[in-house]
Amino acid sequence: MTNQTGLSGLVDRAALVTPPVVARRVRGLSERAIAWLFITPTMLLLLAINIFPLIWTIRLSFTNYRANRPNAAVLDVGLANYQSILTDPDVWAAMTVTARFVFWSILIQTMLGFTLAWLIDKKFRGHGLWTTLILLPMMLSPAVVGNFWTFLYQPQTGLFNYVVSAVTGAPASSFQMLAQVPLAPWAIVIVDTWMWTPYVMLICLAGLRSIPDYIYEAAEVDRASPWRQFWSITLPMALPFIMLAVLFRGIENFKMFDMVNLLTGGGPGSTTEVASITLKREAFEKWRTGYSSAFAIILFVTVFGLANIYVKALNRVKSR
Amino acid sequence: MSEIIQGSTPEVAPTRWPRALRRGPMETVATILIAAGVLMLLQPFALVLYTYSFVTTLAGVVMFTIVSKFPD
């Protein structure tokens with residue numbers, strides 16, 4: 001009641017301070033017109049910062065435009081940029097590097113995330129504290145994570161090499177995670193796994209908590225073993241949630257840039273040159289703006305397609 | 001009265017939209033196209049599959065956008 005009085009008082013005060021000209025104009029408008037009035041600024045902002053750059057990028061992708069030569073003649077090249085990208089073995093190599101990174105990071109994150117969720121779901125003593133501690137890496141900025149893992153991976157002073165040395169017995173300075181060809185991709189997978197496994201765990205935990213207890217009680221009445229309960233109840237019922245986590249991480253890892261750029265910058269050589277790093281090199285080192293716009297559109301369509309599948313999967317989980 | 005007790009479902013108004021062209025199955029076809037396109041883009045085996053990956057994904061995305069407006 002007090003709240004209602006307070007609210008009506010606030011409305012009265014707002015009506016009093018509204019200039020009469022504005023009040024008269026608003027009073028004459030229909031509800032639909034007022035709705036448009038409120039939505040228009042947001043729509044204009046969205047058009048200016050999202051839709052216009054997208055349309056401009058599509059337009060540039062059919063030209064030979066170079067941003068470092070703004071006064072040079074811009075020629076229409078049709079589909080030549082797309083043709084060039086989709087037949088270039090170097091870009092294809094960058095795509096396979098991306099695929100390997102996406103595959104291994106998602107596989108490890110899903111397995112670890114589901115195991116952690118399964119353990120947390122057991123509700124042991126102090127599980128709340130452990131959940132908070134496990135979630136901490138996810139809350140950090142990728143820039144911060146990239147920087148401090150660069151220090152951790154230092155061969156002379158980094159903690160990571162000393163831990164590996166203590167476990168395996170190999171000298172700490174005998175390997176360089178970020179500078180050796182076989183180790184650099186794994187260095188990125190480790191950091192991404194460290195940061196994003198908690199996210200997969202959260203989604204899997206939601207899936208495990210959605211399974212009703214009476215199903216397990218019925219299984220126990222039927223004398224099903226814990227192993228059988230896991231394979232016949234837990235895993236199938238949590239599977240839509242696991243698929244959701246896989247899809248979301250797949251989209252995020254496909255366009256991963258910040259962490260790779262901070263840790264290896266695509267090196268050594270082009271061992272860790274994922275698609276977004278190639279795109280950056282084409283756009284801001286070689287200044288092939290038209291070409292890189294076409295590349296960006298290819299990546300955008302791929303991510304948009306994956307997002308469609310994600311939304312479809314999400315709707316299926318919601319309807320459960 | 002007996003219908004109420006038996007809990008019969010209310011009749012759904014018949015639609016002239018062909019069953020094969022309904023949203024559910026068509027979205028599934030579009031999803032398969034998108035997934036195939038993404039797999040073709042990321043596979044390391046054949047350059048020709050990589051070349052045609054974008055067209056496949058684009059076809060799937062356009063189809064998904066259109067068929068998501070179809071009736072259920």
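**Notebook: helices 3 and 14 of chain A**

I noted that helix 3 of chain A and helix 14 of chain A are oblique to each other, where oblique excludes angles under 35 degrees (roughly parallel), over 145 (roughly antiparallel) and 65 to 115 (roughly perpendicular). I looked up the geometry behind this: the axes of helix 3 (residues 31-60) and helix 14 (residues 289-318) of chain A come within 8 Å and cross at roughly 120 degrees. Axes are lines fitted to C-alpha atoms, for helices over the stretch in contact, and angles run from 0 to 180 degrees between N-to-C directions.

I recorded the source of the model. It is predicted, and local features need pLDDT of at least 70, side-chain atom pairs count only at pLDDT 80 or more, while totals for chains, interfaces and linings use all residues. Residues are numbered from 1 along each chain as its sequence is written, and chains are lettered from A and ligands numbered from 1 in the order in which they are written.

I then listed the residues in contact (C-beta atoms, placed from the backbone, within 7 Å). Helix 3 of chain A gives A:T57, A:I58 and A:L60, and helix 14 of chain A gives A:T289, A:G290, A:S293, A:A296 and A:I297.

**Chain A as a whole**

I found 14 helices and zero strands in chain A; helices are DSSP runs of H or I with at least four residues, strands runs of E with at least two, numbered from the N terminus. The C-alpha trace of chain A spans about 80 × 70 × 40 Å along its principal axes. Among contacts in chain A between residues at least 6 apart in sequence, I noted that 72% join residues at least 24 apart.

**Burial**

I noted that 28% of the 320 residues of chain A count as buried. Buried means 20 or more other C-beta atoms within 10 Å of a residue's own, with C-beta atoms placed from the backbone; 12 or fewer means exposed, and in between partly exposed. In helix 13 (residues 275-284) of chain A, the buried residues include A:A275, A:I277 and A:E282. Their cover includes helix 5, helix 12 (258-263) and helix 14 of chain A.

**Contact with chain B**

I found 18 residues of chain A in contact with 18 residues of chain B. Helix 4 (80-86), helix 5 (89-120) and helix 14 of chain A each give two or more residues to this side of chain A. Helix 14 of chain A gives the most, with nine residues.

Definitions and conventions:
Contact = placed C-beta atoms within 7 Å.
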